[in-house]
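Student: I'm new to this one. Could you walk me through it?

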Amino acid sequence: MFNCRVCNHQIEPFMDFGPMPIANGFLKKEEFAEEYFFRMEVAFCDHCGAFQLVEQPDAQRMFHENYAFFSSLSKHMQIHFKAYADFVMERFFAGRKDPFVVELGSNDGIMLRNFKEAGYRHLGVEPSENVADVARAQGIQTISEFFNLELAERLVAEYGHADAVICANVMCHIPDINNVAAGMAKLLKPDGVLMFEDPYLGDMIAKTSYDQIYDEHVYIFSATSVSWAFGQHGLELIDVLPQVTHGGSMRYVFAPKGSHAISPNVAALLEKERAQGLHKAETYEQFRRNCEASRTALFGLLERLHQEGKRVVGYGATSKSTTVLNYCGIRPEHIEFISDTTPIKQGKYSPGVHIPVRPYEEFKQNPPDYALLFAWNHAVEIFEKEGAFTADGGKWITFVPEVRVL
Ligand code: JHZ
Ligand code: ZN
């Protein structure tokens, strides 16, 4: 039993993924002996609807000056964040005098650069110095701190209240959601808006995409759970917009209670979540069984290919792949290397399982028989550019929504 991180009710974990390393903790050989592991168990709170990790490593272990994930490496994500910024500017900034936008977890500036180019006052809050430096080098105003109520008070004193507080793939990383929601309510103008998007629980359950669960993702949100959590702090859910990014995400828009009209999308999604059974324990029991079946199928396939002497290479050393590799018991003999375009990951080893991460050029020069698509959320972008691999007889292995060879 432990207490829900959002509402404090007593809850019971329903699934144990076993010992897990830091998902973005790519490491060198000499660091193997000291590698940090935590026990990755998940629980669902039937009081407030929060799907959550029981234990999460300290923030400083995950977000630091060597953070390995740079948002701007994907072309499609650059287009996505331009559209997100346009949505904010067109829907909420029209007619406002000198609006001010704050982004939490602004990474390398992939979203804020659009506000900067449009001439808006902006501020990024990004605790990982190395990714923040990339944003600063482009003239995007960024401070490197963790956001909380205390920082919100300092920001108000220094910059004034915000017209919009925005995030993407950040809110679900922050364990003390009550402190952050209180900070956001403090930072916003009385008619300001808060919005964030994160991987969506409804998609994860529907697709058995259990690899969304790793140390950084302390929550997998639904409209039901976020409206409960932020409602505690005087913020009301005024709109919801499904996104295709990261394998199925949801953008939630909040505003101080009574300040904005509520879109009919909100009631429709809450209803849909009930119909999907997101409030019921049985749904999570079924999810656990689906994960176990997926693990058996993927491991079995990789064992068979190994026995047949086939070459398998991982495509994309994603955070998500850390969960798949460790949970499924995959070993270096199953996967020759993982190809990735991120310089800081190359030449290192994957967390826990220690599969080498190699530059993309090695994949191109020596294509394997099978590419295991760890970056399945970027499938459209990747298939667009890997036509030659398929044309030459290369095969893809995917595991979401089910294990298949394409
Ligand atoms: P990608 C990260 O998750 C971590 P990850 C974080 N916790 C989160 O929430 C989401 O992002 C937003 C490489 N790649 O985007 C680049 C290629 O090699 O699925 C990346 O290392 N070739 C903040 O890590 C990885 O794959 C390509 O063509 O699961 C993709 O990581 C492409 C497109 C990517 O996020
Ligand atoms: Zn709860």
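Student: How far apart do the C-alpha centres of domain 1 and domain 2 lie?

Tutor: First, this is a predicted model, where local features need pLDDT of at least 70 and side-chain atom pairs count only at pLDDT 80 or more, while totals for chains, interfaces and linings use all residues. Residues are numbered from 1 along each chain as its sequence is written, and chains are lettered from A and ligands numbered from 1 in the order in which they are written. The chain divides into domain 1 (71–281) and domain 2 (282–405), with bounds from an automatic or database domain assignment. The distance between their C-alpha centres is 30 Å.

Student: How many residues does the contact take from domain 1, and how many from domain 2?

Tutor: Two residues are in contact if their C-beta atoms, placed from the backbone, lie within 7 Å. Counted that way, domain 1 gives 20 residues and domain 2 gives 22 residues.

Student: Which domains does the shell around ligand 1 draw at least three residues from?

Tutor: A residue is near the ligand if its C-beta atom, placed from the backbone, lies within 6 Å of it. There are 20 residues around ligand 1, with Asn169 and His378 among the closest. At least three come from each of domain 1 and domain 2.

Student: Is asparagine 178 buried, exposed or partly exposed?

Tutor: Count other C-beta atoms, placed from the backbone, within 10 Å: 20 or more means buried, 12 or fewer exposed, and in between partly exposed. Asparagine 178 has 17, so it's partly exposed.
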